[in-house]
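User: I have a structure open and want to go through a few spots in it. Can you take my questions as they come?

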Amino acid sequence: MPLRSQFESRLPPSGDPPDARIESFVERLRMEGYASESIRVKRLIASAFVLWARRRDLPVEECDEFHVVAFIRRREHRSTDRVVDERASVRLFLRHIRGQEGVRHTPLQFESAIGGELERRYLHYLREDRGLAINSTLVYMQYVRDLLSAFRSSMKSADPRELNARWLQEFMLGRLRGRSSEWSRLLSVALRSFLRFLYLRGETSIDLSPSVPTVRKWRQASVPQYLAPREVAQVLSATPRSTSSGRRDYAILLLLARLGLRAGEVVLLELGDVRWRSGEITIRGKGGMRARLPLIPDVGRALAVYLRKGRPRAASRQVFVRLIPPYAGLSGPAAVGHVVRAAMARAGIRRTRRGAAHIFRHSLATRMIRSGASLPEISEVLRHRSQDTTAIYAKVDFEALRTVARPWPRAGGSR
């Protein structure tokens, strides 16, 4: 059954006066360039949500992520596409309502908080007390949701005071089978953090975090993946510059390859951060840190071409925006990773599956150290807070390593 028909039976009676909030929402969608069919579907979903909230005496303006999830879960056995449409449309509608009425609110992007009050308080602890970035909180929360779901299922309880060391160890060991060392390490870190939070907030009488086994990860145990200079040039040359999408992607790739930006820094780049007269670009890095980098000529030209001929008119201050309505800024680092993977596929280059955008950062550092740059110089360019992070690039200078490595002894020869 079409999505439109699925909602029509649950709309308010036709004799009811139109809801001004929905009408203004529809008008905004039109102004932002949504397709007619997309507007019709979103209007139906918003109307169904308003009716659902009205039947429960819930003021729509006060609804939050928990109400969004409750609305989505009101019926079982629905397709994934329908769930995705409902979630996105209701969130968009609520953002419109709050923005229209000037209500201060937390962005509805933390789906990780849907489990209950305890998860919401832990999320607040990560963001406000620990100062974790959004991406880090999402990583932590996926492990914590899994822990609590398994606990409630096996113990038939939601009381954290019933957690014990034996159950925690069995849970973790059961999750480690077939997993990578990095996944296992993050699981251990997240669980220890959550258990420490429970103890600090008085939810448990003892600190259970030491009962979670630690996962050893040898520092600098591997060589970072990188692209040779000819491969970087190959990726850039394979990116078309005659279309809007090509101009945008080419500018993104140059920022990664020439300046070594992180994917998140590309996403956060705003129009005012590009200082054309002084030839500088301001980077918003980790932990709210800002740095100024030189606007290299080819990077500046690519940005100028994109802004003049490729970027659609958009209210967003972000430099890089979506290619289809609504013309909002890129949603996160994953969008930049998608651009990189597509560019590398066009060039016929295969590398890592995770952190695709970071391979250009590794490539820049590798090229610098092979050209004679010191580790402190590389650390300054990449904006590392600790030179220990930069030390791994000493391992990629294979020519220099050969001059200090002893030859492997031949069979039967002297040692």
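Predicted model: local features only at pLDDT ≥ 70, side-chain atom pairs only at ≥ 80, totals over all residues.

User: Start with charges. How many salt bridges does the structure hold?

Analyst: There are 19 salt bridges.

User: What does R258 pair with?

Analyst: The side chain of R258 meets that of D298 in a salt bridge, 2.8 Å from N to O. This pair links distant parts of the chain: R258 sits in helix 11 (residues 244-259) and D298 in helix 13 (residues 297-310), 40 residues apart. R258 is partly exposed, at 30% relative accessible area.

User: Which residues are joined into one network?

Analyst: E117, R120, R121 and E203, through salt bridges that share partners.

User: And R248, buried or exposed?

Analyst: R248 is buried, with a relative accessible area of 9%. Its salt bridge is with D249, where the closest N and O atoms are 3.1 Å apart. D249 counts as buried at 10%, because the cut-off for buried is under 20%.

User: What about D159, what does it bridge to?

Analyst: D159 forms a salt bridge with R161, with 3.0 Å between the closest N and O atoms. D159 is partly exposed at 24%, while R161 is exposed at 62%.

User: Changing topic. Where does S188 lie?

Analyst: S188 is in helix 9 (residues 181-200). At 2% relative accessibility, S188 is buried.

User: What does S188 touch?

Analyst: Leaving out residues up to four places away in sequence, S188 touches M172, V212, P213, T214 and V215. With P213 there is a polar pairing: a polar atom of the S188 side chain lies 2.9 Å from the backbone oxygen of P213.

User: How many bridges between strand 2 and strand 3?

Analyst: Strand 2 (residues 280-284) pairs with strand 3 over 5 bridges, in the antiparallel sense. I281 stands opposite L293, which is in strand 3.

User: Last one. What is phi of D57?

Analyst: Phi of D57 is near 55°, a positive value in a residue other than glycine. Most residues other than glycine have a negative phi.

User: Where is D57 found?

Analyst: D57 is in the loop between helix 3 (36-55) and helix 4 (65-72). D57 is exposed, at 69% relative accessible area.

Terms used. Residues numbered from 1 in each chain as written. Heavy atoms only, no water. Helix = DSSP H or I, 4+ residues; strand = E, 2+ residues; numbered from the N terminus. Buried < 20%, exposed > 50% of the residue type's maximum accessible area, 1.4 Å probe, protein only. Pairing = 2+ DSSP bridges. Polar contact = N/O pair within 3.5 Å; in protein donor to acceptor, adjacent residues only side chain to side chain. Contact = heavy atoms within 4.5 Å. Salt bridge = Lys/Arg side-chain N within 4 Å of Asp/Glu carboxyl O.
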